[in-house]
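Start with the rings, then turn to the helix.

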Amino acid sequence: MTDPRSLPPESPPEPVASAASGPAPESPPASEEEDDDPGIKLVKYVAPELNARAMAAMPGNSAKVRVRFTVMPDGSSAKVTAVSNAPRALAQVATRAVEQWRFEGVKEPQVVEVEVDFRVDQ
C-alpha cells in the first residue's frame, strides 16, 4: 500500500445545483500538494447529490469532508471512508459520490485522500 496522496483535478464538473436550490458541491477535489504521481487520473467525476438532511447538516455556508479510498487496478473506488469530523449526513453524501468515481486503471491498488467541498451559493 502506498502513502495517501491528493487527487489532482482533471476538469471541472457541470454544475449540479443552482443558488436557488441551496448548497452546491464544488469542482473535483484540488491537490493539496504537488502532483508526485501523475499515474492516478480521474476519468469520471460524479458530484455529490445533496438532500435536505445533508443541507440541514451544513454548518454555515460551507463544509468540507475528507475522504480516503483505494483506487483499484480496474479504475474503480473501493474502501471509501470519510476520515474527517464532518456531520454524518454530509459524509454519507460525499462517500456515495466518491464510490461512483472512476479512474484510469493502475498497476497496484493506491490509497488516495481527497477533500470534498460543499458551499452555499448566495
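One aromatic cluster is formed by Tyr-45, Phe-69, Trp-101 and Phe-103. The model is predicted: local features need pLDDT of at least 70, side-chain atom pairs count only at pLDDT 80 or more, and totals for chains, interfaces and linings use all residues. Residues are numbered from 1 along each chain as its sequence is written, and side-chain values use heavy atoms, with hydrogens and water left out.

**Aromatic pairs**
- A search of the whole structure finds three aromatic pairs (ring centres of Phe, Tyr and Trp, the last by its six-membered ring, within 6.5 Å; planes under 30 degrees apart are stacked, over 60 edge-to-face, the rest tilted).
- Tyr-45 and Trp-101 make a tilted pair, at 5.4 Å centre to centre and 40 degrees between the planes.
- Tyr-45 sits in the loop between β2 (42–44) and α1 (52–57), and Trp-101 in the loop between α2 (88–100) and β5 (102–103), so this pair ties together parts 56 residues apart in sequence.
- Helices (H or I, at least four residues) and strands (E, at least two) are DSSP runs, numbered from the N terminus.
- Tyr-45 and Trp-101 are both buried (under 20% relative accessible area; exposed is over 50%, partly exposed in between; 1.4 Å probe, protein chains only).
- Phe-69 and Trp-101 are edge-to-face, because their ring centres are 6.2 Å apart and their planes at 90 degrees.
- Phe-69 belongs to strand β3 (residues 62–71), and its pairing with Trp-101 links parts of the chain 32 residues apart.
- Phe-69 is buried as well.

**Thr-95**
- Thr-95 lies in helix α2.
- Its relative accessible area is 12%, so Thr-95 is buried.
- Beyond neighbours within four places in sequence, Thr-95 is in contact (heavy atoms within 4.5 Å) with Val-67, Val-80, Thr-81 and Ala-82.
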